[in-house]
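Here is a briefing on the structure shown below. Keep the sequence and the 3D view open while reading.

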Amino acid sequence: MKLYIWGTGCGAGDLADHGLDVSQVCAFLDSAPVSDCFLGRPVLRPEAVGNEKIDLILVANRHVEEIAQKAAELGIAADKLIFLKNNWQLCDRNRDYTAAEKILDQSYLDSVRAPQHAVREPLWVQGSPLSPRDLENDYVRTRTLEAICRELEDVPGAAAELGVYRGGFARCVNALLPERTLYLFDTFEGFDKTEAKDTAAGFVQAHRNTGADRVLRLMPHPEKVIIRQGLFPASLGGLEERFALVSLDVDLEESTLAGLRWFYPRLNAGGYLLLHDYNAPRLPGVKKALLRYEAERGQRIPAVPLCDVNGTLVLCKDHKLNI
Ligand SMILES: C[S@@+](CC[C@H](N)C(=O)[O-])C[C@H]1O[C@@H](n2cnc3c(N)ncnc32)[C@H](O)[C@@H]1O
C-alpha cells in the first residue's frame, strides 16, 4: 500500500496515537513544509508525488476544500483521498472509509464520522444524560443547554418551558435537571387564533399536532413535571414560583412579551432564560418582544446570542457573590 498523509500538524501527529503504523507511510505531504522529516518519515510537497505513486492519502488537515482542489490540479484521483478533518461545516465529504479502517482505530474513525465532530466535545460529554437523538435536532442549542444546566448547581428554583409543542427540548431539560420541578406551559393545541392570524398556515397547522399526554410520556422523569395546559398567561392560575432555568419558545410577539414579563422577574440570581428564535428571520416578533420588554424596564438585559439553528438568545440574571 502506497500510503501518504497530507499534513504535518497536530491532526497528522494524532494519527500515530490512533493506530497508524508510521513505518508504513511513504511520506507526509505539506505544501509549505517547515522540515523535511516528520515522525521519522520524509516530508514532500504534494507536487512531488504523481497519481500513479499513490494508493491512499489520509488528509489530516482541516483545509479540506483547498486540498481537494490542489489534489485535482495535480491529477490525483478524488477516490484516493480520505478527509479526516472534513466536517467543520457539518457535512461528510467522504463516501467510503473502508481503506482507512485498515489503518486507523475504529473509535477514532467513529469520531471522524460523527455529525457533530465539528464541535469539539467537552470532557463531560461521556457522562451526559442526553442521547444522540436529543442532539439531532439542534446540536448547539442542546449542548448549550447542557453546559448551562451544569452552571446551576448553586442556583435554587424550578425549571420551566413556555411553548413545549411535542416536548423535544423539554425532555432534555427534564433529563439534565432530574431533581427540579419542571413546569410545561402550552395549549398543546397550537397557537392562539387571533395572535397567529398573520402567521403562515402550515406552520400554525403543524403546531396543533401534539398533546399533553404524548409530551408527558416522552419525559425521563415525569414525576417532576407539572403540565399547565392552556393559553398563557391565563394558564398561570395564580402560580407562585421562582426559577433557575426558563425556556421561552412561543414564536410570536405578544406571547413572548407575556412570557418575559412573568418569568424574567422570577428568575433567581445566576439563572438563565433561553429565548428561542430571537435571531430567526421568519419570527421577527420575538426580538420585538424583547425590545419592548427592555424598554418597559428601561434597561438592557445581559445576554449572549447563540449560533444555533434558530438563533437563541441566552438571557442571564446577575449573580452577586458572597465574598
Ligand atoms: C415552536 S413551538 C415550541 C417548541 C419546543 N419548545 C421545542 O423546542 O421542541 C411553540 C409552541 O408555543 C405554544 N404557544 C404559543 N403561544 C402560546 C401561549 N400564549 N400559551 C400557550 N402556548 C403557546 C404553541 O402551542 C406551540 O406548541
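Among contacts in the protein chain between residues at least 6 apart in sequence, 64% join residues at least 24 apart. The model is predicted. Its secondary structure comes to eleven helices and 13 strands. The radius of gyration is 25 Å, well over the 20 Å that the globule rule gives for 323 residues, so the chain is more spread out than a compact globule.

**Overall layout**

- The C-alpha atoms of the protein chain fill a box of roughly 75 × 50 × 40 Å along the principal axes.
- Buried residues make up 33% of the 323 residues.
- The chain is divided into two parts: domain 1 covers 3–113 and domain 2 covers 123–316.
- The centres of domain 1 and domain 2, taken over C-alpha atoms, are separated by 44 Å.

**The six-stranded sheet**

- An open sheet of six strands runs in the order β3-β4-β2-β1-β5-β6, and its pairing is mixed.
- Its edge strands are β3 (37–38) and β6 (81–83), each of which pairs on one side only.
- Strands of a sheet pair through backbone hydrogen bonds, either parallel or antiparallel.
- Parallel pairing joins β1 (residues 3–6) to β5 (residues 56–59) over four bridges. W6 has V59 in β5 as its bridge partner.
- β2 (residues 25–29) and β4 (residues 41–44) also run parallel, joined by two bridges.
- C37 has P42 in β4 as its bridge partner.
- β3 and β4 form a hairpin with two residues between them. In the turn, L39 has a positive phi of about 50 degrees.

**F83, in an edge strand**

- F83 is found in strand β6, and β6 is one of the edge strands of the sheet.
- Is F83 buried or exposed? It counts as buried, because it has 22 C-beta neighbours inside 10 Å and the cut-off for burial is 20 or more.
- F83 touches V59, V64, R93 and N94, leaving aside residues up to four places away in sequence. V59 is also the bridge partner of W6.
- F83 and D154 are 71 residues apart along the chain, and their C-alpha atoms are separated by 44 Å.

**V155, in a loop**

- V155 is found in the loop between α6 (139–149) and β7 (158–162).
- Why does V155 count as partly exposed? It has 18 other C-beta atoms within 10 Å, and partly exposed residues fall between the exposed limit of 12 or fewer and the buried limit of 20 or more.
- V155 touches A244, N268, G270 and G271, not counting residues up to four places away in sequence.
- The C-alpha atoms of V155 and L216 are separated by 26 Å, with the two residues 61 apart along the chain.

**The ligand shell**

- Which residues come nearest to the ligand? Of the 19 residues around the ligand, they are G163, Y165, F169, F232 and D249.
- The shell divides into eight nonpolar, six polar and five charged residues.
- α7 and β8 (182–186) each supply at least two residues of the shell.
- Helix α7 (residues 168–176) is mostly covered, with seven of its nine residues buried.
- The buried residues of α7 are F169, A170, R171, C172, V173, N174 and L176. F169 is also among the residues that come nearest to the ligand.

- β13 (residues 313–316) has a covered face, made up of L313 and L315. Its uncovered face holds V314 and C316.
- β11 (residues 267–275) pairs with β13 in the antiparallel sense over four bridges. Y272 has C316 in β13 as its bridge partner.
- β12 (residues 303–305) pairs with β13 in the antiparallel sense over three bridges. P305 has L313 in β13 as its bridge partner.

Notes
Residues numbered from 1 in each chain as written. Predicted model: local features only at pLDDT ≥ 70, side-chain atom pairs only at ≥ 80, totals over all residues. Pairing = 2+ DSSP bridges. Domains from an automatic or database assignment. Near = placed C-beta within 6 Å. Nonpolar A, V, L, I, M, F, W, Y, C, P; charged D, E, K, R; others polar. Contact = placed C-beta atoms within 7 Å. Rg over C-alpha atoms; globule rule 2.2 N^0.38 Å.
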